[in-house]
Amino acid sequence: MASYSRITGTGSYLPPRRVTNDDLARELAQRGIETSDQWIIERTGIRARHFAAPEVTSSDLAFEAARHALEAAGRQASEVDLIIVATSTPDMVFPSSAAILQNKLGVAGCPAFDVQAVCSGFVYALTVADAMIRTGTANCALVVGAEVFSRILDFNDRTTCVLFGDGAGAVVLEASETPGILASDLHADGKHVGILCVPGHVSGGQVTGTPFLHMDGQAVFKLAVRVLEEAARATLAKAGKTDADIDWLIPHQANIRIMEGTAKKLKLDREKLIVTVHEHGNTSAASIPLALDDAVRSGKVKKGDTVMLEGVGGGFTWGAVLLDM
Ligand code: UT7
């Protein structure tokens with residue numbers, strides 16, 4: 001049984017259609033809805049997001065990200081013995097997007113399942129994969145965050161539709177004798193279900209309730225700022241580390257103000273904060289692995305660096321993973 005699990009490759013994928021704030025403002029203006037590049041940048045830090053073509057699904061984006069991660073790890077899909085996809089916008093009600101991804105990768109047999117923890121999905125999925133590797137249930141896991149949030153946006157609601165985008169990120173997590181994942185800390189509090197949800201469901205052949213994302217932005221903002229600091233501190237304590245040991249902070253990419261606030265509370269220099277929200281928008285479960293891959297490929301995050309990943313989102317869910325690359 002391996003003592004640890006370690007990330008051996010990262011990958012990501014963004015659908016080609018890049019939509020700037022000005023593009024979106026023009027589209028919304030045709031519906032009589034007013035927004036501006038200035039408002040979106042000032043309140044969120046977002047400049048652009050990517051939207052998938054109508055026929056493209058989460059598993060399509062996951063497939064591209066997984067391919068890149070496998071290539072970076074020097075692994076074949078046939079060597080993977082566990083697939084976990086974190087998504088809140090699965091291809092179908094069932095089966096899981098992980099099972100669909102497995103088939104697209106041309107393999108069969110290994111366990112494949114989805115994790116549904118909205119924007120905390122990737123840190124949840126990584127924690128589950130780490131536990132399965134350390135107990136000997138798996139040796140080489142593919143852990144993916146993939147979303148097509150554009151499908152659940154109400155483009156008549158300017159308070160939410162300007163915030164989100166589509167994309168996927170993936171890592172290969174392998175059994176290792178040297179530390180990779182050092183500690184993690186996961187939480188949920190279901191009493192906050194109403195502040196961030198898509199309350200619709202399928203019943204009797206129809207969608208009942210609304211199939212669009214609803215968010216009380218200010219309530220989410222306040223909770224996020226508090227729990228992100230708590231989760232980071234709890235994870236550091238479990239690993240026997242301090243703020244000073246963090247080389248890079250990769251929080252869920254939702255709002256630059258929340259991210260900078262968290263870095264400040266952890267007494268981290270702004271340069272240690274990985275930021276992709278300006279180009280990706282909020283891609284929910286995909287945001288952390290997308291940002292991680294971006295930072296690895298740009299040469300910022302290097303082998304041996306200590307990285308804090310932090311997710312927060314609907315549920316309400318939150319959590320953190322501290323790891324050595
Ligand atoms: O992924 C899960 C985690 N999600 C998050 O972390 C999101 C957390 N929340 C936020 O990031 C912020 O609360 C938002 C970015 C969603 C909103 O920023 P805010 O500073 O809390 O703005 P607000 O909701 O207080 O709205 C301020 C004003 C309002 O107008 P009035 O009432 O002051 O006249 C809104 O109607 O901005 C207006 N507004 C807009 N104006 C132009 C709201 N959306 C827009 C818009 N364009 N798109």
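User: Hi! Where does the ligand lie relative to domain 1 and domain 2, and why?
Analyst: In this predicted model, the ligand lies between domain 1 (4-176) and domain 2 (181-324), because both of them give residues to the shell around it.

User: Nice. Which residues come nearest to the ligand?
Analyst: There are 23 residues around the ligand, and Thr-35, Arg-158, Gln-218, Asn-255 and Asn-282 come nearest.

User: And which helices supply at least two residues of that shell?
Analyst: Helix 2 (37-44), helix 6 (158-161), helix 7 (217-239) and helix 8 (256-265) each do. Helix 7 gives the largest share, with four residues.

User: What about Gln-218, how far is its polar side-chain atom from a ligand oxygen?
Analyst: That distance is 2.5 Å. For His-252, a polar side-chain atom sits 3.0 Å from an oxygen atom of the ligand, and for Trp-39 a side-chain N or O atom is 3.0 Å from a ligand oxygen. The protein buries 74% of the 970 Å² that the ligand exposes when taken alone.

User: Switching topic: what is the strand order in the open sheet?
Analyst: The five strands run in the order 1-7-6-4-5, with mixed pairing. Strand 1 (4-13) and strand 5 (112-115) are at the edges with a single partner strand each, so one side of each has no neighbour in the sheet. From one strand to the next, the twist averages 20°.

User: In what sense do strand 1 and strand 7 pair?
Analyst: Strand 1 pairs with strand 7 (residues 166-176) in the antiparallel sense, over nine bridges. Gly-9, for example, has Val-172 in strand 7 as its bridge partner.

Key
Residues are numbered from 1 along each chain as its sequence is written. This is a predicted model: local features need pLDDT of at least 70, side-chain atom pairs count only at pLDDT 80 or more; totals for chains, interfaces and linings use all residues. Side-chain values use heavy atoms; hydrogens and water are left out. A residue is near a molecule or strand if one of its heavy atoms lies within 4 Å of it. A polar contact is a pair of N or O atoms within 3.5 Å; within protein, one must be able to donate a hydrogen and the other to accept it, and residues adjacent in sequence count only if both atoms are side-chain atoms. Accessible areas come from the Shrake-Rupley method with a 1.4 Å probe; for residues, only the protein chains shown count as cover. Domain bounds come from an automatic or database domain assignment. Two strands pair if DSSP finds at least two bridges between them. Axes are lines fitted to C-alpha atoms, for helices over the stretch in contact, and angles run from 0 to 180 degrees between N-to-C directions.
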